Amino acid sequence: MNSVGPRRNDDTLVLGMNPHVQAEAEALQKSNPSARVSTLRDSFQNDQVRASGPDGVTRVHDLRTQDGIRSFVATLGLPLAQGQQVAAAIASAGEDARDELAQLALVWARAEKGGVIPSRLVLSGHSGGTSLWGEEGSFVNGVLTRRDFARLAEALPRAAAGVEDLCIAACYNGGETTMEAWRALFPNLRTMWAYDGSAPGTFSGATAHLARWEKATRGEVESLRPELLRGLRKGENLAVWSRLQGHQTASVRASTADLRARLSAGHVPFERYFQGNEVVRDTQHGPLREHYNTLQALLGRPELSASERTGLERAREQTLRLLFYGNVSARFQETHRSSIQRGFTALGLNAPDFSRLGRKEALALIRSFETELGRRNPRPLEAQRLLPLLTEGLRDLQRSHIPDNWL
């Protein structure tokens, strides 16, 4: 095994994408007052961070530019080639997520120079299993993918080797293959804690869950028990991994054959919602949520073929966006208002407000738009530009057009 600085410590680093991460950090600190808890959160302004240079002067670095990224990385005191790797990792992150990743690099860089970093890591936010994002009310944050974390871990390997206990305080990261993908980032990991289903919000259970995780991972722990959250809300969704006992879940898992049967049965209600013939009344319950849960459960199974997994991943992303179509249509209208206006005007049509339309009405309007555009020769450029946003985005709900933090 690789080592970094002194042996294991009980300090905890919490990276939170949502606005209430400080409450989660305080729950951890209260659980163990003698350990240090550090918090990384959304910066004072999108993708800007403060860091001190070799001269001791603190400056603001604008991570939206290559010059800002380079000036920030220069404060880390890393060898040139390693600094370039870190810069590339930060640059590859999406809008309003570079600030959190840079803050993580600032902590982890200490390990590369022989310093000590927290042995325990908490990643908190909304999730569908492959990324973390922040959104609550008027607060909207960026999206950090697992690949973003992987790039930074590859650039700072001594730091990655220093993480021994990982907690993903977010939904749908407890499947066996999902946990395996996260574990691959941290070669010396002893335990991992995640959720094989939805996770509680900060004030609806997360603080109590984190306090139990903190107590269970003190010292050089080699195993975790999946029943540690018994009696707590959503405790039945806990999934754990440890060196000694491998992957375990708090609830008995359905067989893969049963999940495939559920998936097949779920296609009928999915189609009703997709066509707008049925409206989601409750995003957390109902046939569409059950269909989404089935997709997530299947994707956690290692026996799936690569081709089956690819198809299920697309279905998962589409189903999640359909569950939160109300949010999607509102953000679509807000983001593309000007393009919608120009595209419909180019065809002599009145521009709609998609945030005020149900899905069935929106699909009918998209069909009419596509038909009218097909009749034109030549086809107006503004209408051509709008078409893929309407069809691939609002109609087909492709992730490339509907980002995670719209949900």
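Reader: Which residue just after α4 takes a positive phi?

Author: Happy to start there, with a reminder that this is a predicted model. Helix α4 covers residues 98-112. Just after α4 comes a glycine whose phi is about 90°, and that residue is G114.

Reader: How many of the residues of α4 are buried?

Author: A residue counts as buried when its relative accessible area is under 20%. Helix α4 has 15 residues in total. It is largely enclosed by the rest of the structure, because the number of buried residues among those 15 is 13.

Reader: What distance does α4 reach from its first C-alpha to its last?

Author: Let's begin with what would be expected. At 1.5 Å a residue, the expected span of α4 is 21 Å. The model comes close to that, with a reach of 20 Å.

Reader: Where is the kink in α4 centred?

Author: Helix α4 runs through residues 98-112. Within α4 there is a kink of about 25°.

Reader: Which element gives the largest share of the lining of the largest pocket?

Author: The largest pocket holds about 750 Å³ of space and is lined by 34 residues. The elements that give two or more residues to this lining are α7 (176-183), β11 (246-249), α9 (256-274) and α10 (287-299). The largest share is eight residues, and it comes from α10.

Reader: Which residues are the closest to the centre of the second largest pocket?

Author: About 580 Å³ of space lies in the second largest pocket. Its lining is made of 30 residues. Of these, the closest to the centre are G125, H126, C171, A199 and Q284.

Reader: Which element gives the most to the lining of the second largest pocket?

Author: By class, this lining has 13 nonpolar, 11 polar and six charged residues. The elements that give two or more residues to the lining of the second largest pocket are β6 (131-136) and α10. The one that gives the most, with three residues, is β6.

Reader: How many disulfides does the structure hold?

Author: Let's take C167, which counts as buried at 1% relative accessibility. The closest cysteine sulfur to that of C167 is in C171, and at 12 Å it is too far for a bond. A disulfide needs two cysteine sulfur atoms within 2.5 Å. C171 is in no disulfide either, and for the structure the count is zero.

Reader: What separates the C-alpha atoms of L322 and V280?

Author: L322 lies in helix α11, residues 306-323. With a relative accessible area of 2%, L322 is buried. Along the chain, L322 and V280 are 42 residues apart, while their C-alpha atoms are separated by 8.5 Å.

Reader: Is G162 buried or exposed?

Author: G162 lies in the loop between α6 (157-161) and β8 (165-169). Its C-alpha is separated by 40 Å from that of H285, which is 123 residues apart from G162 along the chain. The relative accessible area of G162 is 6%, so G162 is buried.

Methods: Residues numbered from 1 in each chain as written. Predicted model: local features only at pLDDT ≥ 70, side-chain atom pairs only at ≥ 80, totals over all residues. Heavy atoms only, no water. 1 Å grid on protein atoms, 1.4 Å probe; cavity = no way out; pocket = protein on both sides within 12 Å on 5 of 7 lines; lining within 4 Å. Points joined across faces, edges and corners; volume = space filled by probe spheres on them. Helix = DSSP H or I, 4+ residues; strand = E, 2+ residues; numbered from the N terminus. Nonpolar A, V, L, I, M, F, W, Y, C, P; charged D, E, K, R; others polar. Expected span 1.5 Å × (residues − 1). Bend = angle between axes of the 7 residues up to and from the residue. Buried < 20%, exposed > 50% of the residue type's maximum accessible area, 1.4 Å probe, protein only.
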